[in-house]
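Colleague: Hi! Could you put the model up so that we can walk through it together?

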Amino acid sequence: MQPLKATYRLQFRNGMDFAKAVELVPHLVRLGISHLYASPIFSAVRGSTHGYDVVDFNEIDTALGGREGFLRLVSQLRAEGLGIILDIVPNHMAASLENTWWHSVIESGRSSAYAGYFDIDWREPLTLPFLGQSFEEELAAGNVRLALDRNRNCLALKYYDALYPLNPATYPLILKDANPALEGIAAVAGAAEPKGTADLHSEVSSMLETPQVAAELDELLERLSADKPYLLQLHQIQHWRLTSWKSARHQLSYRRFFEIAGLIGMRVEHPSVFADTHRLALDLVRHGLVDGLRVDHIDGLADPEAYLHRLRQHVGNSTYLVVEKILEENETLPQEWPVEGSTGYEFISGLAELLTNEHPSSGLLSWTRRSAVKKAVLECKLQVLGHNFSAEVMRLARLAARLGNNDDSPHDTDGCAEAIRQLMAALHVYRTYVSDRGATERDNRILDEIELKAVAAAPTAETEIAIAMAALKGGLANRELQSEFRTRFQQLSGAVMAKAVEDTFFYRRTDYLAANEVGAAPSWRPGGVDRFHEMMRDRAREMPNGLSATSTHDTKLGEDARARLYTISEAPDAWAISVAHWHDMNAERIRHLQSGDAPETSVEQFLYQSLLGIWPIEPLLNEQELSALRGRIGGFAVKALREAKLRTTWECPDEDYERAVTAFLSDLLDLRNRTFLESFGNTATPFIRAGLINSLSQTLVKLTAPGIPDIYQGSERLNLSLVDPDNRRPFSPRPSPSTLPRTPTTSDFEDCKQLLIGTCLNYRRNRGADLLTKGGYLPLHLRGPGSRHATAFMRHTENDFAITVVPRLVFRHTDGHRLSILPGLWQDTYLAWPDGREPTLLRNLFTGDIVEPQRHVPIADVLRDFAVTFLVPE
């Protein structure tokens, strides 16, 4: 198997399993992929669409083909010289009754052998927020009953199909005054060791083999289920409480993944938990079946650095390790982490610098209102802190009150809660990494900054802010409480940033959706080519082996949709005029509700831009195409509106409003609405054509800039996806053409993109292996009137080099239906050969054309027959 050169990200489930992945291997070979990059393969909740809701870390999911299917896939990959990287999920598991560990904790509470595996606050009953209404309301409606779980052989409270196991210590209360056999079960339960429920389950199974005993138990449970006060009492003596799912935001006794109560945090900082959650993954690495690991949500862990050192110790130095980490503007991956890099969201930010017009002709775009953006983001943070994460904030507040030697009175707790909200809202990064080992200079600087901002925002909470800061910096006597506070604060801050920025603000900002991407700075202002080169030089120095992504299962837009939307920065006035025209054209389709117009103007603008992102390259011809488009944009609109949290939310959906917005979209995309469809299609055409050029530019840059190119499934062709679940749709590979069309047109885009990828990756696997993996990065200078519309860089070693040249900002410069740029743009524009190197004969890797040695290489020559070029020495 060869070293890592390029990855292909494959999302298992949604129709993809190991057998189908085997069928993809020849396609990956032709593309030049070196490693399959697999989403989680461990057993997940039945019907899972993503696999991050793991129920068994030590079993390969049978729904995918099990261990045998996985071994067949690995064998096929190995036979072709390919490797595999696995996505692992150390931060959380599914809080599902299918999860044996979680089931044990519900049944035995703190006495369970697995109680310490989950991040639970045992100072209060274990909350199970999985009911539609409160327990009392569900009980009154007859939705809660007493039952026997025949699969687990235990007594349970049944809520629809869910069976929540009762603590064996409460069996005598249920089985008292029953026949001797049932009383025997009660006796066994009463004598059972807290960690020995397996023996109890076996005994129950044995006793119930007698039909008469089983029938009598069923009759008893049916009779007791009719006694609602009795069931209420039985519920209250458990060590857990069933509650409404809406209650999780106010009261939750365990750490969750973001705000998903169905995913419970794991305590992998403990060696025994690490061992039991990583046993299979490490075994696969140890036996040479897996070549690398991708660590999901590293910021959710108690101590990321310590975790990664432990992981590295187990897998050795030859195993490839990357982490899912959002790096904010000017933030770098901690040097102390023993990893190759991140999964590549920051690379998308670099492409935004390259492909966004840094000098727009209009003041409409958000980066001209930086202060307003900062204010809006702060409001989003405070909103999610006060609502979505209220339970987590209050848990921290209670810790802070105890640290302040207070009596935990409501006043003190409220003051501490305000301090925590203001400190967390002031953070401009996802988290700090202070531990018992101390704080880095970077973290001390960040903490000092947020303290000043928090005091300025909430001067009445200055005392409580000081307490929290002392705990974060390690200045308090109670080391145990201080460590707990610091850990939980840092684990929460990343979730707050993600939910406030990515999942709230980015759905409210409607003027330039291309900037609303995972990892993007909300107050970003484009720096153009110079900033792009700076980022790539930094990448070559700091993270040359990190992944370079353009699409993932988490991105808001597919790479080709985003590439298209970058072009709005080149013609914001033209786009704004069209939006105003459509607003007037569709005014009668807007619904007037008591809560206001639906959609409101800002949402309407958001929808038009989203439509532009996914509009087909070829004209819409029939109802089937329109119907598919309506379904995609309608589902996306509801999700976007709920994430924005303005007029509807996941928790309290305004269904009238949502129906009005989706009806508006249905009216727009009706075959009878030809006036709008033709107007939108005509307006979209130049944006689409320029966007296709952008797509080729960003693809070539990803393949040749510092980093390991990561191809998301299906993105070797056209990826006009929206946010999940739209980006998890099935795909079918297509064969690559052997050569470029003589005169490529927009209809040839998918073939051209795939051929570009195959050509570059096969070069990367062979002749260019060392050059593109280890080579330096040198920006090249362009001169002449068209120099602003292209960029170039050289990858170089002592004995080799290659040159990438790509266009940018080509709106109004595309050549009709041809997939090229009007040659007049490049008149008198040339690439200046770098000093210190003698000009040499070059070959265009895509067209085969030869470029003669010269100090000034005409751009018109190298971009004559194809939109982008990659030049190598002949």
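Colleague: Thanks! Which residues are buried in helix 6?

Modeller: In helix 6, Leu 182, Gly 184, Ile 185, Ala 186 and Ala 189 are buried. Buried means under 20% relative accessible area, exposed means over 50%, and partly exposed is in between, with a 1.4 Å probe and protein chains only. Helices are DSSP runs of H or I with at least four residues, strands are runs of E with at least two, and both are numbered from the N terminus.

Modeller: Before we go on, this is a predicted model, so local features need pLDDT of at least 70 and side-chain atom pairs count only at pLDDT 80 or more, while totals for chains, interfaces and linings use all residues. Residues are numbered from 1 along each chain as its sequence is written, and side-chain values use heavy atoms, with hydrogens and water left out.

Colleague: Good to know. What covers the buried residues of helix 6?

Modeller: The cover includes helix 5 (171-175), helix 7 (197-207) and helix 8 (211-225). Contact here means heavy atoms within 4.5 Å.

Colleague: And how far does helix 6 reach from its first C-alpha to its last?

Modeller: Helix 6 (residues 180-191) has 12 residues and reaches 16 Å, close to the 16 Å expected at 1.5 Å a residue. The expected span is 1.5 Å times one less than the number of residues.

Colleague: Let's change topic to helix packing. At what angle do helix 25 and helix 26 pack?

Modeller: Helix 25 and helix 26 pack at about 10 degrees, with their axes 10 Å apart. That makes helix 25 roughly parallel to helix 26. The axes are lines fitted to C-alpha atoms, for helices over the stretch in contact, and angles run from 0 to 180 degrees between N-to-C directions. Under 35 degrees counts as roughly parallel, over 145 as roughly antiparallel, 65 to 115 as roughly perpendicular and the rest as oblique.

Colleague: Which residues make the contact of helix 25 and helix 26?

Modeller: Helix 25 brings Leu 692, Ser 695, Leu 696, Thr 699, Leu 700, Leu 703 and Thr 704, and helix 26 brings Phe 749, Lys 753, Leu 756, Ile 757, Cys 760, Leu 761 and Arg 764. By class there are 9 nonpolar, 3 polar and 2 charged residues in the contact of helix 25 with helix 26. Ala, Val, Leu, Ile, Met, Phe, Trp, Tyr, Cys and Pro count as nonpolar, Asp, Glu, Lys and Arg as charged, and the others, Gly among them, as polar.

Colleague: How many residues of helix 26 are buried?

Modeller: 13 of the 17 residues are, so helix 26 is largely enclosed by the rest of the structure.

Colleague: What about helix 22 against helix 25: at what angle do they pack?

Modeller: Helix 22 (residues 601-614) packs on helix 25 (residues 674-704) at about 65 degrees, with the axes 10 Å apart. Tyr 608, Leu 611 and Leu 612 of helix 22 meet Phe 676, Phe 680, Ala 684 and Phe 687 of helix 25. That contact has 7 nonpolar, no polar and no charged residues.

Colleague: Nice. On to Arg 564, where does it lie?

Modeller: Arg 564 lies in helix 20 (residues 559-565), and at 1% relative accessibility it counts as buried. Leaving aside neighbours within four places in sequence, the contacts of Arg 564 include Leu 612, Trp 615, Phe 687 and Leu 720. Arg 564 and Asn 694 are 130 residues apart in sequence but 7.0 Å apart in space, C-alpha to C-alpha.

Colleague: And Thr 746, where is it found?

Modeller: Thr 746 is found in the loop between strand 20 (708-712) and helix 26 (749-765). Thr 746 is buried too, with a relative accessible area of 7%. Not counting residues up to four places away in sequence, Thr 746 touches Ile 617, Glu 618, Arg 689, Leu 692, His 817 and Leu 819.

Colleague: Now the backbone. Which residues does a cis peptide bond join, with omega about 0 degrees?

Modeller: Ala 598 and Pro 599. Pro 599 sits in the loop between strand 19 (596-598) and helix 22. The bond from Asp 724 to Pro 725 is cis as well, with omega near 10 degrees, and Pro 725 is in the loop between strand 20 and helix 26.

Colleague: Last one: what is phi of Asn 330?

Modeller: Phi of Asn 330 is near 65 degrees, a positive value in a residue other than glycine. At 65% relative accessibility, Asn 330 counts as exposed. Arg 13 also has a positive phi, about 85 degrees, although it is not a glycine, but Arg 13 counts as buried at 7% relative accessibility.
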